Every structure is written in structure tokens, then in C-alpha cells.
Amino acid sequence: MKSSIIGLKDLRENTENYIAKVQKGRSFVVVRKSKPVFKITPVDEWGDEGVWETVVDFTEINPKGIPAKDVL
């Protein structure tokens with residue numbers, strides 16, 4: 001995802017606007033005196049960065065899967 005560049009002063013003056021944009025998935029690199037200082041990105045609520053781990057693959061037993069009642 002590409003980040004937009006914004007100034008620290010602009011961020012201070014328009015904080016609520018930038019919060020709304022970050023909540024919609026936007027990212028920003030904040031600069032002060034033309035030098036990058038930090039990056040603002042949306043928080044990954046699950047902490048997994050969208051990566052899922054396969055715990056059990058029931059299609060190895062049956063290609064169509066297994067009914068949940070049989071698993072439970």
C-alpha cells in the first residue's frame with residue numbers, strides 16, 4: 001500500500017480528518033523540515049497482519065471436508 005506524505009503541522013491542524021482516513025485504510029508518512037519522522041498506518045486488530053495458520057486440514061481425510069457435527 002502506498003503512503004501519502006503529510007507535514008507534521010498539517011497533521012496537528014487536521015488530526016480528526018487524518019484519523020478518519022486511517023480508519024478507512026490509508027497510511028501516511030509524516031515529515032518535519034522535509035525529513036520523514038514517523039508513519040501512521042491502520043492497526044491490525046487481530047495482530048496477525050492478515051496471515052492465517054492452518055491448524056487442521058480436514059480435506060486430507062475427505063476432499064469435500066467433514067461435517068462440523070462429526071468434528072465436535
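Residue R32 is found in strand β2, strands being DSSP runs of E with at least two residues, numbered from the N terminus. The model is predicted, so that local features need pLDDT of at least 70 and side-chain atom pairs count only at pLDDT 80 or more, whereas totals for chains, interfaces and linings use all residues. Residues are numbered from 1 along each chain as its sequence is written, and side-chain values use heavy atoms, with hydrogens and water left out.

Strand β2 (residues 28-32) runs antiparallel to β3, to which 5 bridges join it; pairing requires that DSSP find at least two bridges between two strands. Within this pair, R32 lies opposite K35 of β3, and V29 is opposite K39. The hairpin of β2 and β3 has 2 residues between the strands, and K33 adopts a positive phi near 55° there.

On its other pairing, β2 is joined to β1 in the parallel sense over 4 bridges, with G7 opposite V31. Together, the 3 strands form an open sheet of mixed pairing in the order β1-β2-β3. Because β1 (4-7) and β3 (35-40) each have a single partner strand, they stand at the edges, and one side of each is left without a neighbour in the sheet.

At the surface, R32 and K33 gather with K9 and R12 in a patch of positive charge. Such patches comprise residues with over 30% relative accessible area and no salt bridge, like charges being joined within 9 Å; accessible areas come from the Shrake-Rupley method with a 1.4 Å probe, and a salt bridge places a side-chain nitrogen of Lys or Arg within 4 Å of a carboxyl oxygen of Asp or Glu.

Methods. Patch = residues over 30% accessible without salt bridge, like charges linked within 9 Å, V, L, I, M, F, W, Y side chains within 5 Å. Lys, Arg positive; Asp, Glu negative; His and termini not counted. Charge placed at Lys NZ, Arg CZ, Asp CG, Glu CD.
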